[in-house]
Amino acid sequence: MTTSSKPRVRFAPSPTGYLHVGGARTALFNWLFARHEGGTLLLRVEDTDVERNRPELVDGILDSLKWLGIQWDEGPYFQSQRLEMYQKAAATLLANGAAYACYCRASQYAGADAAAPTGETDDEGDSESAGAETKAARRAPCECRNLTPEQRAAKEQAGEPRAIRCLVPRSGVTKFEDAVFGAREIQNEEIEDFVLLRSNGLPTYQLSVVVDDIDMRITHVIRGADHLSNTPKQVLLYQGLGAAPPIFAHVPLILGPDRTRLSKRHGATSVGSYVEEGFLPEAFRNFLALLGWSPGDDTEYLPTPELVKRFSLGGVSRTNAVFDRPKLEWFNTQYLQQMPIEELLPHVEAQLRMDGLWREEWKSGERAWLASTVNLLRPRTRYLKDFTSWGRGFFSDVFDYEEEARAKFWKDPKLADLLGKLADGLAGLPDWNHDACDQALRQLAAAEGVKAGLLINATRVAIVGRAVAPPLFDTMVTLGRERVVGRLRKAIAALR
């Protein structure tokens with residue numbers, strides 16, 4: 001399809017499961033292409049698989065897309081609300097000789113389920129989001145293909161249930177051009193007369209996707225390479241319906257580290273689980289974008305505006321990508337450390353709210369304190385949850401002392417007395433700053449004949465509950481005099 005207008009692309013998840021890595025990458029590539037070209041992204045929910053659909057998953061899929069920052073321009077459209085359109089298209093294909101009515105039992109075809117309703121086996125499976133696993137091809141000739149008009153009329157009069165199958169030419173080839181894989185062709189004799197409309201009136205994936213893409217004026221179909229086997233069939237349907245096919249771009253599959261198809265055994269889970277783990281959407285987007293696409297150089301850290309600026313189908317590889325969990329964690333760490341603080345704060349706020357630690361005063365009057373605290377903590381964070389796990393003591397007075405830290409740094413019997421004297425000294429400081437706190441602690445250590453490290457480590461455990469935290473005196477300044485002194489005195493009780 002050639003057009004002078006802006007491109008129109010679509011992401012079409014199926015609510016048979018949550019949004020997983022492969023579907024998220026497909027959605028991202030479509031969105032990046034649309035934004036780079038100034039085009040339009042449509043969202044279409046392919047929900048005609050009544051046996052496998054779980055309507056309650058739709059909201060989860062939409063929430064995951066929103067978290068990823070993928071904003072669609074039209075939709076969501078629901079295929080279940082467009083059934084009449086698919087039935088009319090099937091009738092058109094029947095009328096122009098591109099399809100025929102099939103009265104056969106599904107059990108007549110190799111690999112078909114003998115219990116399936118007449119003619120209803122969907123040959124190619126599912127939409128992009130569910131992987132479109134190819135089932136065993138059923139190329140055995142169908143007797144219904146050659147029925148005479150009289151024989152068809154008799155079957156219709158007898159009320160025999162029927163499906164609609166595509167009438168695939170028995171000779172020649174079907175060709176299409178792919179923006180990633182180049183020119184492709186398949187011998188028509190390798191394509192079975194695939195089902196278009198089941199006997200219950202529901203469309204198969206092959207019919208509904210083509211009808212929708214024509215109706216929605218889709219110019220580019222960007223989807224996983226596992227759909228290459230579907231494309232010749234869909235090209236035949238475009239021809240049968242008198243429409244020009246769109247430009248196809250099949251992106252490489254995502255494999256696990258062992259080079260097998262990515263699955264749960266590789267740790268690949270739904271997008272929602274990465275949200276729960278504390279990944280930043282910006283980091284996840286950057287990581288996903290580089291699974292099968294290259295900007296043309298060795299640049300890895302690509303904030304979203306840069307991704308949009310540089311994305312093109314020409315950068316998509318034919319080679320399957322490998323999901324590298326450590327690399328994803330590296331990206332998350334980079335974004336936690338490098339994002340402008342005002343962009344990071346909303347994510348930290350969401351995490352604090354999720355874990356019940358948020359205070360409304362941090363939204364306005366103490367915004368500067370929040371920004372300063374997040375800046376202090378983020379060099380040591382890998383996930384957003386770190387702010388509320390080991391960093392909890394900065395946002396709440398209710399926290400536990402790490403057992404390992406207590407055992408290592410609170411074993412000196414003199415510490416209760418020393419921390420009491422430190423609390424008294426800090427309470428009387430005329431100024432509360434890094435140098436004043438540093439000097440007060442070191443002077444006490446010298447006067448008591450102990451190493452400063454003993455007090456530094458014990459104080460850190462006392463005021464944030466952890467052995468590892470930001471530099472002590474920066475931490476003390478951030479927490480403030482009242483909280484530091486109060487926590488030291490509370491620790492004395494725990495030591496005795």
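This is a short talk on selected local features of one predicted protein model.

Some ground rules to begin with. The model is predicted, so to speak of local features I need pLDDT of at least 70, side-chain atom pairs count only at pLDDT 80 or more, and totals for chains, interfaces and linings use all residues. Residues are numbered from 1 along each chain as its sequence is written, and side-chain values use heavy atoms, with hydrogens and water left out.

Confidence comes next. pLDDT is the predictor's confidence in each residue, from 0 to 100. The chain averages 91, and 91% of the residues score at least 70. The stretch to keep in mind is residues 109-137, where pLDDT stays under 50. The model has 97 contacts for that stretch beyond four places in sequence, a contact being heavy atoms within 4.5 Å. Where pLDDT is low, the predicted coordinates should not be read in detail.

Now to strand E5, residues 163-166. Helices (H or I, at least four residues) and strands (E, at least two) are DSSP runs, numbered from the N terminus. Ala163 and Arg165 point one way from E5, Ile164 and Cys166 point the other way, and all are buried. Buried means under 20% relative accessible area, exposed means over 50%, and partly exposed is in between, with a 1.4 Å probe and protein chains only. Two strands pair if DSSP finds at least two bridges between them. E5 pairs with strand E4, residues 99-102, in the antiparallel sense over four bridges, and Cys102 stands opposite Ala163 there. E5 is also joined by two bridges to strand E8, residues 195-197, again antiparallel. The partner of Ile164 in E8 is Leu197.

On to Thr174, in strand E6, residues 173-178. Why does Thr174 count as buried? Because its relative accessibility is 3%. Its side chain makes a polar contact of 2.6 Å with the side chain of Asn188. A polar contact is a pair of N or O atoms within 3.5 Å; within protein, one must be able to donate a hydrogen and the other to accept it, and residues adjacent in sequence count only if both atoms are side-chain atoms. Beyond four places in sequence, the contacts of Thr174 include Ile186, Ile191, Pro232 and Leu236.

Helix H8, residues 281-289, is largely enclosed by the rest of the structure, because nine of its nine residues are buried. Among them are Glu282, Arg285 and Asn286. The cover over the buried residues of H8 includes helix H1 (21-37), helix H2 (57-68) and helix H10 (325-338).

What is the count of disulfides? With a disulfide taken as a pair of cysteine sulfur atoms within 2.5 Å, the count is zero. Cys104 is in no disulfide, and the nearest cysteine sulfur, that of Cys144, is 3.4 Å away. Cys104 is buried at 6% relative accessibility, and Cys437 is buried at 0%.

Last, the backbone. Most residues other than glycine have a negative phi, and most peptide bonds are trans. Gly75 and Pro76 are joined by a cis peptide bond, with omega about 5°, and Pro76 lies in strand E3, residues 74-78. Arg217 has a positive phi, near 60°, in the loop between helix H5 and strand E9. Arg259 has a positive phi near 70°, in the loop between strand E11 and helix H7. Arg217 is exposed at 52% relative accessible area, and Arg259 is exposed at 57%.
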